[in-house]
Amino acid sequence: MSSPPLGAFSIEPVTAADLGELLGLMRAYCDFYGAAASDRDLLELSRSLLADPEREGVQLIARDRRSTPAGFATIFWSWDTTEASRIGIMNDLYVVAHARAKGLADQLIRACVQRCAQRGVSRLEWQTGPENLRAQAVYARAGATREPWLIYTLPTPRA
């Protein structure tokens with residue numbers, strides 16, 4: 001795979017001015033996974049991160065040379081008791097179809113690792129669907145290792 005031209009994409013932290021365009025990326029990400037989060041809830045998530053990036057996390061938005069949104073990543077700050085250290089959890093990584101296979105996913109992962117290093121966390125971790133083989137190939141290429149843990153979820157009632 002050839003590398004993208006230098007400067008093909010810029011990656012910056014999301015600001016309030018980016019929320020409209022970010023919402024479109026987040027909606028496409030949710031659609032990819034068949035999730036039905038409302039626009040209102042997605043915006044609330046982003047606004048919460050903007051309000052307290054030191055405690056909550058950060059979203060990054062990628063743009064192409066024409067400043068068109070091309071992808072995003074979200075890092076949430078958490079802890080790992082077994083390591084007694086803070087970690088970054090990249091719950092979201094999405095690249096629009098026209099920007100795929102151009103190295104943008106790799107750039108977003110590197111930008112997330114850099115944010116984690118600046119924050120002083122011990123590692124960045126994430127998950128993907130078992131059927132998302134394309135993403136798994138990107139993650140392996142980035143040097144990530146697949147963990148043996150199984151993930152369970154249990155819904156909680158909403159107040």
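Reply: Helices are DSSP runs of H or I with at least four residues, strands are runs of E with at least two, and both are numbered from the N terminus. The model is a predicted one, in which local features need pLDDT of at least 70 and side-chain atom pairs count only at pLDDT 80 or more, while totals for chains, interfaces and linings use all residues. Residues are numbered from 1 along each chain as its sequence is written, and side-chain values use heavy atoms, with hydrogens and water left out.

The part to look at is the second largest pocket, which has a volume of about 410 Å³. (A pocket is an open set of points on a 1 Å grid over the protein atoms alone, where a 1.4 Å probe fits, with protein on both sides within 12 Å along at least five of seven lines; its lining residues have an atom within 4 Å of a point. The volume is the space filled by probe spheres set on those points, which are joined across faces, edges and corners.) Its lining is made of 22 residues, and those that lie nearest its centre are Val95, Arg100, Ala105, Arg134 and Ala135.

Helix H1 (19–32), strand S4, helix H3 (104–119) and helix H4 each give at least two residues to this lining, and H4 gives the most, with five residues. Sorted by class, the lining holds 14 nonpolar, three polar and five charged residues, where Ala, Val, Leu, Ile, Met, Phe, Trp, Tyr, Cys and Pro count as nonpolar, Asp, Glu, Lys and Arg as charged, and the others, Gly among them, as polar.

Two of these helices, H3 and H4, have axes that come within 10 Å and cross at roughly 55°; axes are lines fitted to C-alpha atoms over the stretch in contact, with angles from 0 to 180 degrees between N-to-C directions. H3 and H4 are therefore oblique to each other, the word for angles that are not under 35 degrees (roughly parallel), over 145 (roughly antiparallel) or 65 to 115 (roughly perpendicular). In their contact (heavy atoms within 4.5 Å), Ala105, Asp106 and Ile109 of H3 meet Val138, Tyr139 and Arg141 of H4. Four of the residues in this contact are nonpolar, none is polar and two are charged.

H1, which also lines the pocket, has an axis that comes within 10 Å of that of helix H2 (residues 39–51), crossing at roughly 120°, and H1 and H2 are therefore oblique to each other as well. On the H1 side the contact includes Leu19, Leu22 and Met26, and on the H2 side it includes Leu42, Leu45 and Leu50. By class, nine residues of this contact are nonpolar, one is polar and three are charged.
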